[in-house]
Amino acid sequence: LAPTGIAPEAQLVAVRVFGKDGTGPTSDLLAGLNWLVVQAGPLKLRVLNLSLGSADLFSGTCDAADPVTAKALQLLATKGVLTFAAAGNDASPAQLATPACLKAAVAVGATYTQNYGSQAFGKLCTDSATSGAKVACFSNRAPKLKLVAPGAFVAGAVPGGKVATLAGTSQAVPVAAGVAALLFACNPLASPAQVHAALQAAAKPLTDSKTAQVFGLVQAAAAAKLACPWAKPGGAGKP
């Protein structure tokens, strides 16, 4: 069995938009997002996890390059949904994949979960040293990227009822999204902007040795104190 996740009591809505090889046309992603826009209210959606990304990279906010997806995420935000997206695994020091580079998406990069010693990712990059306070070399960086979360290495369920331990920003995204789900659970009246602000304000500053940029490592307990100050440790509360 896969280990218990960040928010084990969260109710999930799984929307498949890609094929067995993990790829597909943007039109399929848009069809899934359009369905979520319609169902956001009836299903009481609060958090959207987008562990996916394009091959194209962008140095700034990319709404102009992907206006339809940008509009879908904006509509979801108006319905109370906070979107998290993978920064991408191209080892770029200054660019993100879409949808992470969209204005309405919270981009998430990946750190290591602990010290694994030297780690090489094929010909892409190598980290001579690793720790829970280090951004993984494969994780894209950019000025828009503010949050990072453990993404190397993370164990989780995979098709076929199996468990796999993987590394990538797609593994970091659900960590951040799971923490956001906990904040919405203890403060149902919070807006996406308020939950995002709590995550960012409570994050632990990490200075990236590759770019000297300071990222915020997601901190669940500290974020909960900001978003839900009335909640008792280990349990949810109400405003």
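Predicted model: local features only at pLDDT ≥ 70, side-chain atom pairs only at ≥ 80, totals over all residues.

**Stop 1: helices H1 and H2**

Select residues 26–43, which form helix H1, and residues 67–78, which form helix H2. The two axes are 10 Å apart and the helices pack at an angle of about 20°. Angles under 35 degrees count as roughly parallel, so H1 and H2 are roughly parallel to each other. Their crossing is left-handed. Now show the side chains where the helices meet. From H1, the contact uses Thr 26, Leu 30, Leu 33, Leu 36, Val 37 and Ala 40; from H2, Val 68, Thr 69, Ala 72, Leu 73, Leu 75 and Leu 76. What kinds of residue make up this contact of H1 with H2? Ten are nonpolar, two are polar and none is charged.

**Stop 2: Lys 44**

Move on to Lys 44, in the loop between H1 and strand E1 (47–50). Lys 44 is not a glycine, yet its phi is positive, about 55°. Is Lys 44 buried or exposed? Its relative accessibility is 70%, and exposed means over 50%, so Lys 44 counts as exposed.

**Stop 3: Ser 92**

Select Ser 92 in the loop between strand E3 (82–86) and strand E4 (96–97). Ser 92 counts as buried because its relative accessibility is 7%, and the cut-off for buried is under 20%. Show its side chain: a polar atom there lies 3.3 Å from the backbone nitrogen of Ala 94. Not counting residues up to four places away in sequence, Ser 92 touches Leu 57, Ser 139, Asn 140 and Arg 141.

**Stop 4: two cis peptide bonds**

Go to Thr 98 and Pro 99. The peptide bond from Thr 98 to Pro 99 is cis, with omega near 15°. Pro 99 sits in the loop between E4 and strand E5 (105–112). Then select Ala 152 and Phe 153, which are also joined by a cis peptide bond, with omega about 10°. Phe 153 is in strand E8.

**Stop 5: Gly 151**

Stay in strand E8, residues 147–158, and select Gly 151. Its relative accessible area is 0%, so Gly 151 is buried. Which residues is Gly 151 in contact with, leaving aside its neighbours within four places in sequence? They are Ala 110, Thr 111, Thr 113, Leu 166, Ala 167, Gly 168, Gln 171 and Ala 172.

**Stop 6: helices H3 and H4**

Select helix H3 (residues 169–186) and helix H4 (residues 192–202), whose axes come within 10 Å and cross at roughly 120°. That angle makes H3 oblique to H4. H3 passes H4 in a right-handed crossing. Show the side chains of Ala 176, Val 179, Ala 180, Leu 183 and Phe 184 in H3, which meet Pro 192, Val 195, Ala 198 and Leu 199 in H4. The residues of this contact are nine nonpolar, no polar and no charged.

**Stop 7: Ala 212**

End at Ala 212, in the loop between strand E10 (204–207) and strand E11 (214–217). Its phi is near 70°, a positive value in a residue other than glycine. Ala 212 has a relative accessible area of 56%, so it is exposed.

Methods
Residues numbered from 1 in each chain as written. Heavy atoms only, no water. Helix = DSSP H or I, 4+ residues; strand = E, 2+ residues; numbered from the N terminus. Buried < 20%, exposed > 50% of the residue type's maximum accessible area, 1.4 Å probe, protein only. Polar contact = N/O pair within 3.5 Å; in protein donor to acceptor, adjacent residues only side chain to side chain. Contact = heavy atoms within 4.5 Å. Axes fitted to C-alpha atoms, helices over the stretch in contact; angles between N-to-C directions. Parallel < 35°, antiparallel > 145°, perpendicular 65-115°, else oblique. Left-handed = near helix turned anticlockwise from the far one by under 90°. Nonpolar A, V, L, I, M, F, W, Y, C, P; charged D, E, K, R; others polar.
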